[in-house]
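This briefing concerns helix packing and aromatic ring pairs. Please view the sequence and the structure below before reading on.

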Amino acid sequence: MGASFFICLALVLLIGLSSARQAKASAADYFVASRSVPPWLVGLSAVATNNSGYMFIGLIGYTYTAGIQSVWLMLGWIVGDLIASKTAHERMRDEADRIHANGIIGLLSQWGGTNNRSWQVLAALFSIVFLATYAAAQIAAGGKALEGMLDIPMAIGMSMVAVVVIAYSIAGGMRASIWTDAAQSLLMIVSIVVLLVAAVTHLGGMQAVFQQAGAIDGFMNPTPTGLDIPGYAGAMAFVVGWMFAGAAALGQPHIVSRYLALQNTRQMNQVRWWYYSYYLLFYCFATAVGLLSRLYFGESTGFDPEMALPNMARDLLPPWLAGLMLAGIFAATMSTADSLVLSCSSAITQDLPRKPSENRWFLKAATAMTTVFALGIGLWSEQSVFSLVVWAWGTLGAVFVPILIWQVLGAKLNSVAMLCMSSTGVMATVAWKFYGFPSTVYEGAVGMFSAFVLGAIFTISSIRSRFHP
């Protein structure tokens, strides 16, 4: 098992390091690959970055517990993501090219020729905290996989993830991240299909699988259950909440940077074809493995659902295929972790200083320090991978998405409006998660909606002041 895993890991690392041959000594090259990436690479990279350890570890664990009703999470997330993409991606890419922005913070702070410096600093601070938290979840997912399959202590496994991420991120920046993402996306899909086939075969074939699943009370009932809000209102709130989660992809700096790296805005539909085809396929496979894991392990109070996939792979696959599976999980965590630390270092070097840095050593040092910081959070936190990811994801969406949508719609937002919107979004998200509000409604949806409504108030006030000074 270890041999095939380390061979796959070495190949991914070699791909990342080889990208250094095309690297240029500029911030634009380090953070958006000089806007030279073809659409198929952007699509595969964006989907690999999105479908991270959250899919392999978090989603499968959630499906093990919730059953088939987890498909509503998938449906809401993908529909919300698609609506957001059609609304903003082309305009966002064009504006970034016009003002030479290397990330979402610089893009929004200078949109339309403005200079909202105070918001830029606040957004950079928010990004550092929540991107590092998100990266910590990916590092923890990699650590769980190594512990479950190779019996490597979780702390050592997490440190291995951090070292690999530092190595190729420093070598090639965004280009290394995108190149390795493409290889990792193929590794992820192959490994999960292999496990899917092995699990179905072990359980006696498709007919036996459906019989066993149907025998578990409520497991194959698609109606969301256990919600704080009863009836159809609760089900609707659940699905709409996850649509907001999908729309929050517009506010993820590590995903946005892929679209900013695209060669030409006219290629955006090609990007979407690659992105959503792979996204839907992988989401379906991950959900299926989550369902099968419940049949394989049964219901146990002492079992960590987020260890379902690595444990099942170790039990069902021959060692060399189990190593491939481990490499797939590791690839999923790295494909997101490297992007997160790059976005975090972009906030440190491009957005916090009054003058963005072009010093290549400072850029690389920021990447290394960010990775170590994320590793520290991962070692300290006791929350699940699923919980860490969806919380950080929703909070970043609340910081950026409402502002981006209003700017795309033509609103002129000043620093006060942007500061109030982002702060309100974060506070609403945190309050909803930690102060006993219904968990049926995704906390990120509450934060994004609150900030969007506040943006509407500022926009209406601005329009009135123009006509009635």
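Rings of Phe, Tyr and Trp (its six-membered ring) pair if their centres lie within 6.5 Å; planes under 30 degrees apart count as stacked, over 60 as edge-to-face and the rest as tilted. By that criterion, Trp 77, Tyr 134, Phe 238, Trp 242, Trp 393 and Tyr 442 are linked by ring pairs into a cluster. The model is predicted: local features need pLDDT of at least 70, side-chain atom pairs count only at pLDDT 80 or more, and totals for chains, interfaces and linings use all residues. Residues are numbered from 1 along each chain as its sequence is written, and side-chain values use heavy atoms, with hydrogens and water left out.

**Aromatic pairs**

- The structure holds 19 aromatic pairs.
- One of them, Trp 40 with Trp 274, is tilted, at 6.4 Å centre to centre and 55° between the planes.
- Trp 40 lies in helix α3 (residues 39-50) and Trp 274 in helix α12, so this pair ties together parts 234 residues apart in sequence.
- Trp 40 is partly exposed, with a relative accessible area of 40% (buried means under 20%, exposed over 50%, partly exposed in between; 1.4 Å probe, protein chains only).
- Trp 274 is partly exposed, with a relative accessible area of 34%.
- The ring centres of Trp 119 and Phe 400 are 6.1 Å apart and the planes lie at 85°, so the pair is edge-to-face.
- Trp 119 in helix α7 (residues 117-150) and Phe 400 in helix α16 (residues 385-408) are 281 residues apart, and both are buried.

**Helix packing**

- Helices (H or I, at least four residues) are DSSP runs, numbered from the N terminus.
- Helix α5 (residues 71-99) packs with helix α12 (residues 268-297) at about 165°, with axes 11 Å apart.

Definitions and conventions
Axes fitted to C-alpha atoms, helices over the stretch in contact; angles between N-to-C directions. Helix = DSSP H or I, 4+ residues; strand = E, 2+ residues; numbered from the N terminus.
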